[in-house]
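Good morning, colleagues. Please look at the structure on the screen while I take you through two of its features.

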Amino acid sequence: KAGVTQTPRYLIKTRGQQVTLSCSPISGHRSVSWYQQTPGQGLQFLFEYFSETQRNKGNFPGRFSGRQFSNSRSEMNVSTLELGDSALYLCASSGRAGQETQYFGPGTRLLVL
Amino acid sequence: DQQVKQNSPSLSVQEGRISILNCDYTNSMFDYFLWYKKYPAEGPTFLISISSIKDKNEDGRFTVFLNKSAKHLSLHIVPSQPGDSAVYFCAAKRGNSGGYQKVTFGTGTKLQVIP
């Protein structure tokens, strides 16, 4: 089985721009979660989608949004980028929402200048 | 508010010895705990987990201990191998009103196993 894939792997943007990141879960997995990893902050939960519906949300501003498509692929959007948004964005999939084991993709490294 | 804390950002251990990684949490509603390992340029991979109704879970060289009264868990790796060198994240889960569980991660501990 192919693992979780994320595109692009690296991205450079400037303040005020917006960005869209994509995640393709493992085939058959219906739950996709997004995390932000920054030095000193660990992995911070952004949101979880299951069957095209957001099931859980972390404590991030409304500039961060996401969606899930009928094929379980998910996108995350960040509008009006700020310097502090520079981070590694990780996507994880699991067979069902809340399943204990999540499988992570390699992440998208975003740099905001 | 960091509900899951890993107070040691790094740890160095000699090959063959025991590695002990610690994690503290503040939310008594957490009902499931996990450890993930992360190599550079890769996403975290699941290592081992423990339910809040247990105090120990073992899988090969890896054992997780849970002390609910102290809100503390630890990961023991015996014997440590150079390939274990990675960043280890502790994570905790709790259910929400919709039955879906939210995962909270610690900040990670970088383990270096010296040959």
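Predicted model: local features only at pLDDT ≥ 70, side-chain atom pairs only at ≥ 80, totals over all residues.

Residues are numbered from 1 along each chain as its sequence is written, chains are lettered from A and ligands numbered from 1 in the order in which they are written, and side-chain values use heavy atoms, with hydrogens and water left out.

Let us begin with the interface. Chain B contributes 20 residues to the contact and chain A contributes 25 residues, where contact means heavy atoms within 4.5 Å. Together the chains bury about 1,800 Å², of which 55% lies on carbon and sulfur atoms; buried area is the accessible area (1.4 Å probe) that two parts lose on being put together, summed over both. Zero salt bridges are found across this interface, a salt bridge being a side-chain nitrogen of Lys or Arg within 4 Å of a carboxyl oxygen of Asp or Glu.

I turn now to the sheet. In chain A, four strands form an open sheet in the order S1-S3-S8-S7, with antiparallel pairing. Strands are DSSP runs (E, at least two residues), numbered from the N terminus, and two of them pair if DSSP finds at least two bridges between them. Strand S1 (5-7) and strand S7 (64-68) of chain A stand at the edges with a single partner strand each, so one side of each has no neighbour in the sheet. S7(A) pairs with strand S8 (residues 74-78) of chain A over five bridges, in the antiparallel sense. Within S8(A), A:Ser74 is the bridge partner of A:Gln68.
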